[in-house]
Amino acid sequence: MSQPVPLIEVHHLTHVYHAGTPQEVRAVHDVSLTVHRGEFLALVGGNGSGKSTLAKHLNALLLPTEGRVVVDGLDTRDPHALWEIRRKVGMVFQNPDNQIVATVVEEDVAFGPENLGLPPEEIAQRVEEALRTVGMLEHRRREPHLLSGGQKQRVAIAGVLAMRPQCIVLDEATTMLDPEGRREVLRTAHRLREQEGIAVVHITHNMEEAAQADRVVVLHEGRVALEGTPREVFRDVQRLRRLRLDLPEVAELSGCLRQRGIPVEGQPLDPEELAAQLLRWCGVVV
Amino acid sequence: MRGDRAGAAGEPAVELLRSLTIGQYVPRASPVHRLDPRTKILATTVLMVVVFLARDFRGLGVFAAFLAGAVAISQVPAGFVLRGLRPIWFLLLLTLVLQVFFGGASGGTVLWRLGPFAATREGLVQGLFVTTRLVLLVVSTSLLTFTTSPVELADGMERLLNPFRRLGVPAHELAMMMTIALRFIPTLVEETEKIMKAQMARGADLDTGGPLRRARALVPILVPLFVSAFRRADELAVAMEARGYRGGEGRTRMKQLRYRARDLWAGLVVLGVGALVLWSGGL
Amino acid sequence: MSDPVVVCEGLTHVYLRGTPFESVALRGVDLVVRRGECLGLVGPTGSGKSTLVQHFNGLLRPTEGRVWVDGVEIRPGTAVVREVRRKVGLLFQYPEHQLFEATVFDDVAFGPRNLGLDPEEVQERVRESLEWVGLDPDRFGPRSPFSLSGGEMRRVAIAGVLAMRPQVLVLDEPTAGLDPEGRREILNRVRDLHRKAALTVVLISHSMDDVARLCQRVVVLHRGQVFLDAPVREAFAQSDRLRSIGLDVPRVTDVLLRLRAAGLPVRCDRLTVEEACEEIVRVLQGNRRWSSSEA
């Protein structure tokens with residue numbers, strides 16, 4: 001899936017807030033990572049791990065104190081590349097309300113393309129496509145405050161989609177949603193990746209959601225603590241505990257069973273998988 | 001905010017506010033509704049000037065006939081229109097009374113006396129004239145807001161002011177501000193309700209006491225609301241930038257406002273009415 | 001069985017009755033909250049959980065039906081005695097959004113001051129409440145609430161409600177938006193309040209795992225009606241019913257249910273990882289020995 005030139009490269013990124021003052025805080029320290037085209041990457045960590053700061057470097061909302069961030073060949077420090085970078089890497093934020101700007105859904109989705117100065121007919125077409133992709137086309141003329149959290153976030157995703165990005169960053173976009181809303185958003189994100197080939201960077205502290213990604217990067221106190229596939233990362237129960245993170249319950253249960261002598265193999269990530277394995281082990285035909 | 005007395009903490013008022021669309025807009029499919037908002041804004045401005053140029057009751061009569069017709073075509077119930085006059089009934093009454101007693105030229109035909117004050121016939125005529133003019137003025141502007149949604153008004157104003165950008169008029173910024181404000185009013189109303197309930201749950205009392213006490217009781221509501229509003233503005237600004245916003249330069253709009261034949265006709269009718277009013281008033 | 005502290009009988013609540021926007025939030029709800037229990041209140045969004053608990057402290061009045069709090073009926077149209085607000089403490093979602101005072105101390109003192117207590121009593125309650133939530137009153141008291149982290153602000157808001165010394169504490173999604181560590185902390189404190197301070201707790205939550213861990217009884221609401229009212233273990237064993245309205249069971253319970261469906265005699269009312277682990281080990285090792293001896 002990954003191609004020779006990665007979509008986003010982060011080289012030894014360090015970010016310091018309020019440098020030189022008594023409030024100075026080093027949020028990100030010497031972080032290097034890559035986002036490959038079309039991959040679903042989960043970026044996890046507790047509060048204060050630097051994940052949100054890192055996210056904002058991906059579309060040049062923040063600039064590095066040290067190090068470099070390159071988006072599809074464009075350096076985020078280059079002032080001329082700014083708007084092209086923000087077109088390639090779209091971002092959906094945590095608070096569903098505080099990113100919707102218009103009084104009607106379809107007009108909000110049009111906001112991005114309008115900023116790009118596209119002709120009206122093309123904007124209308126993109127808006128319709130985007131709304132259809134996220135499943136909100138029938139709500140196109142509704143007022144945003146009447147929507148549920150999950151619906152608002154889907155509208156926000158549509159707004160980013162209408163700019164034809166290569167990557168969408170979900171900056172804790174599911175944190176404030178109820179379980180139904182979270183499912184909606186994740187389903188939409190996975191569909192984007194599968195159907196449109198758009199890379200997704202999902203920033204979260206919910207390990208169940210991270211388990212659905214291709215790759216997981218764990219941040220702790222501004223540094224990369226763990227990196228790998230979900231199965232690789234969730235193997236080390238103790239380590240994750242020390243990093244103030246939770247495991248998916250199933251992973252925890254697997255660890256517990258292993259300790260008690262039941263050989264659970266690999267790293268089952270959902271109840272179905274674990275149950276199937278246990279049944280096979282004790283000779284029951286599944 | 002009726003507090004605990006008749007029900008929940010201002011629940012009916014806040015709920016209703018949240019459910020209704022903001023402003024007096026009455027959605028209908030009338031010819032007036034379908035006019036371009038710019039036409040309506042310009043027409044209303046012209047009408048407001050005309051109503052002040054009318055000299056006598058004939059002029060006002062023409063104007064009133066036209067307005068009655070416009071209201072009828074707009075399918076807005078007459079009851080709504082009349083209810084719109086309720087807030088100013090006191091002003092109308094005051095104006096009338098003042099004119100009756102002080103309006104006529106000195107030495108006019110006295111109708112009756114009230115102590116040192118004399119009500120004259122001329123004053124009465126003048127009073128009725130001025131009051132009628134006020135009523136017609138209010139109804140004209142009401143018709144605008146009844147038939148044009150707040151978003152259309154913002155759009156219309158922006159397009160009208162666009163040519164003046166060269167002279168420093170921030171047309172786009174004003175329109176953006178208005179749209180965002182309209183977008184967030186229901187959200188802020190909801191939040192206010194939530195904050196009110198949270199403080200009431202801690203024993204806050206928003207109903208008792210004199211004006212000073214009640215004002216102070218609003219602090220636990222206003223402070224969190226303001227803090228939250230600033231935070232929203234901040235987050236919204238970042239989100240807008242992330243979607244490529246950099247001001248009005250180079251921006252296009254998906255929705256296009258287009259003048260049509262009906263706008264031309266409407267404009268001609270308004271100008272015609274204006275001319276008629278001025279002519280009958282004997283300019 | 002301990003005595004009831006909140007009783008709802010045929011409780012119906014209609015918003016905006018008589019207008020075109022009328023909506024029925026609660027329909028004939030019968031519910032009893034018993035003193036000293038920890039009750040979980042769950043249900044899909046829009047099922048009426050928030051509306052229900054706002055009747056417990058008089059913020060909302062029944063459109064039909066009756067509500068008693070600590071033996072006193074809350075009737076529509078009558079002034080609420082401040083007592084009710086004191087007895088039932090209600091913490092809304094994202095409570096840190098209600099902070100407004102210049103100092104943490106003053107904000108926590110808002111409640112006690114509204115109750116008309118004298119300064120020494122207020123001082124004592126503020127200190128006690130801050131300690132209960134794990135914030136040192138001397139360090140945090142004089143600071144501005146807006147200078148704190150999100151998690152700290154939330155704890156200040158909780159202290160503000162605790163300072164009223166309520167008998168019943170209603171928490172609407174107290175862990176919403178927190179990271180795993182923050183959630184663990186809040187839930188531990190809630191558990192302490194329930195066990196050590198003997199508060200009656202009503203916990204509204206979307207997390208079945210949280211409810212399973214803390215509560216003895218669960219009431220499930222669906223479209224304004226009581227869908228299920230049972231002890232926690234019984235409730236979660238009915239996974240099909242719960243799933244039919246869009247809710248889920250704790251994941252470990254899900255594993256057990258699948259094992260059972262395949263024929264293993266596991267008990268499905270195990271709710272935590274430890275319990276589920278024990279149960280699986282018990283059944284599997286027994287089974288394995290049996291099947292290998294057969295072979």
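Let's start with where chain C meets chain A. In this predicted model, 29 residues of chain C are in contact with 30 residues of chain A. Contact here is C-beta to C-beta within 7 Å, with the C-beta atoms placed from the backbone. Three helices of chain C each supply at least two residues to that side: helix 7 (180-195), helix 11 (251-261) and helix 12 (273-294). Helix 12 of chain C gives the largest share, nine residues. By class, the side of chain C that touches chain A divides into 13 nonpolar, nine polar and seven charged residues. For the classes, Ala, Val, Leu, Ile, Met, Phe, Trp, Tyr, Cys and Pro are nonpolar, Asp, Glu, Lys and Arg are charged, and the others, Gly among them, are polar.

A word on conventions. Residues count from 1 along each chain as its sequence is written, and chains are lettered from A and ligands numbered from 1 in the order in which they are written. As this is a predicted model, local features need pLDDT of at least 70 and side-chain atom pairs count only at pLDDT 80 or more, while totals for chains, interfaces and linings use all residues.

Now the other partner of chain C. Here 30 residues of chain C are in contact with 26 residues of chain B. Helix 2 (82-87), helix 3 (104-114) and helix 6 (150-162) of chain C each supply at least two residues to this side. Helix 3 of chain C gives the most, with three residues. The classes on the side of chain C that touches chain B are 18 nonpolar, nine polar and three charged.

Next, chain C itself. Chain C has 12 helices and 10 strands. Its C-alpha trace spans about 80 × 50 × 35 Å along the principal axes. Of its 295 residues, 50% count as buried. Buried means 20 or more other C-beta atoms within 10 Å of a residue's own, exposed means 12 or fewer, and partly exposed lies in between, again with C-beta atoms placed from the backbone. Take contacts in chain C between residues at least 6 apart in sequence: 63% join residues at least 24 apart.

Two sheets in chain C deserve a look. One is an open sheet of six strands, in the order 6-7-8-3-9-10, with mixed pairing. Strands pair if DSSP finds at least two bridges between them. Strand 6 (88-91) and strand 10 of chain C are the edge strands, each pairing on one side only. Neighbouring strands of this sheet are turned by 15° against each other on average, direction ignored. That angle is taken between axes, lines fitted to C-alpha atoms.

C:Leu91 stands opposite C:Leu171 in strand 7. C:Val220 has C:Leu228 in strand 10 as its bridge partner. Two residues lie between the strands of this hairpin, and C:Arg223 takes a positive phi near 50°.

The other sheet is open too: four strands of chain C in the order 2-1-4-5, with antiparallel pairing. Strand 2 (23-34) and strand 5 (72-73) of chain C stand at the edges with a single partner strand each, so one side of each is left without a neighbour in the sheet. Strand 1 (residues 4-15) joins strand 2 of chain C through eight bridges, antiparallel. C:Val6 stands opposite C:Val33 in strand 2.

Over to chain B, helix 5. Which residues of this helix are buried? They are B:Leu96, B:Gln99 and B:Val100. Seen down the axis of helix 5 of chain B, the buried residues fall within an arc of 100°, so they line one face of the helix. The arc is that of the directions from the helix axis to the C-beta atoms. Cover for the buried residues includes strand 2 (117-120) and helix 6 (121-147) of chain B. The face turned away carries the exposed residues B:Phe90 and B:Leu94.

Last stop, A:Arg140. A:Arg140 sits in the loop between helix 4 (120-134) and helix 5 (149-161) of chain A. A:Arg140 is partly exposed, with 17 other C-beta atoms within 10 Å. Not counting residues up to four places away in sequence, A:Arg140 touches A:Val105, A:Glu106 and A:Leu131.

Key. Contact = placed C-beta atoms within 7 Å. Axes fitted to C-alpha atoms, helices over the stretch in contact; angles between N-to-C directions.
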